[in-house]
Amino acid sequence: MKHNYQAHKELFDRLGIKATEQKNGVFCEFATDQIKAYQLLHILLHELGHHYDRIKTKSKRKAPRGENLAENFAFEYEEQMWLDYQNAFGVVF
């Protein structure tokens, strides 16, 4: 799975992240609260997706479904956590 701006655009929009298209990609500008939110609402959940994959395997030592499962896990749970995040941290973007 290729990680790209379009895959994360919905969360970036929700967080109010400013993005500028350039010839070799998209440049995103994160304020401190935005990067903290992204780390909690996507990166942490992505890594938890790898852990979930690992504990669901018979050997408990490998994460065989890899990046696709981790990304899908993050996308599924970040949306569910959005309102709780705003309420807990008093942040509205």
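Trainee: Take helix α2, residues 32-55. Which of its residues are buried, and what do they pack against?

Mentor: Start with the setting. This is a predicted model. The protein has three helices and two strands. Along the sequence they run α-β-β-α-α. Of its 93 residues, 32% count as buried. Some 51% of the contacts between residues at least 6 apart in sequence join residues at least 24 apart. The protein exposes about 6600 Å², and carbon and sulfur atoms supply 52% of that area.

Now the helix itself. α2 has 24 residues. From first C-alpha to last it reaches 33 Å, close to the 34 Å expected at 1.5 Å a residue. Even so, α2 has a kink of about 35 degrees, centred on glutamine 39.

Next, the buried residues. In α2 they are Gln34, Ala37, Tyr38, Leu41, His42, Leu45, His46, Gly49, His50 and Asp53. Look at the spacing with helix geometry in mind. An α-helix has 3.6 residues a turn, so residues three or four places apart point the same way. The partners of the buried residues of α2 are α1 (5-15), β2 (25-29) and α3 (66-89).

The largest nonpolar core has 12 residues: Tyr5, Leu11, Phe12, Leu15, Ile17, Cys28, Ala37, Tyr38, Leu41, Trp82, Tyr85 and Val91. Each of α1, α2 and α3 supplies at least two of its residues. The most come from α1, which gives four. As background, nonpolar side chains tend to be buried together in soluble globular proteins. Within this core, follow phenylalanine 12. Leaving out residues up to four places away in sequence, Phe12 touches Tyr5, Ile17, Cys28, Phe30 and Tyr38. Tyr38 is one of the buried residues of α2.

Polar residues are buried too. Histidine 50 lies in α2. Its relative accessible area is 18%, under the 20% cut-off, so histidine 50 counts as buried. The side chain of histidine 50 makes a polar contact of 3.1 Å with the side chain of glutamate 67.

Tyrosine 52 is also in α2. With a relative accessible area of 36%, between the 20% and 50% cut-offs, tyrosine 52 is partly exposed. Its contacts include no residues up to four places away in sequence, by the way they are counted; they are Leu69 and Phe73. Tyrosine 52 and leucine 69 are 17 residues apart in sequence. In space their C-alpha atoms are 9.1 Å apart. Both Leu69 and Phe73 are among the buried residues of α3.

Cross over to α3. Its buried residues are Gly66, Leu69, Ala70, Glu71, Phe73, Ala74, Glu78, Trp82, Tyr85 and Gln86. They pack against α1 and α2. Two of them, Trp82 and Tyr85, belong to the largest nonpolar core. α3 is bent as well, with a kink of about 45 degrees centred on methionine 81. After α3 comes glycine 90, with a positive phi near 60 degrees.

Then α1, the other helix that α2 packs against. Histidine 8 is in α1. At 6% relative accessibility, histidine 8 is under the 20% cut-off and therefore buried. A polar contact of 3.1 Å joins its side chain to that of glutamate 71. Glu71 is one of the buried residues of α3.

Last, the lead-in to α1. Asparagine 4 sits in the segment before that helix. It is partly exposed, at a relative accessible area of 32%. A polar atom of the asparagine 4 side chain lies 3.1 Å from the backbone nitrogen of glutamine 6. Asparagine 4 and valine 26 are 22 residues apart in sequence, yet 8.8 Å apart in space, C-alpha to C-alpha.

To return to the request: the buried residues of α2 pack against α1, β2 and α3.

Conventions. Residues numbered from 1 in each chain as written. Predicted model: local features only at pLDDT ≥ 70, side-chain atom pairs only at ≥ 80, totals over all residues. Heavy atoms only, no water. Expected span 1.5 Å × (residues − 1). Bend = angle between axes of the 7 residues up to and from the residue. Buried < 20%, exposed > 50% of the residue type's maximum accessible area, 1.4 Å probe, protein only. Contact = heavy atoms within 4.5 Å. Polar contact = N/O pair within 3.5 Å; in protein donor to acceptor, adjacent residues only side chain to side chain. Core = buried A, V, L, I, M, F, W, Y, C linked by side-chain atoms within 4.5 Å. Areas by Shrake-Rupley, 256 points an atom, 1.4 Å probe, with all protein chains shown as cover.
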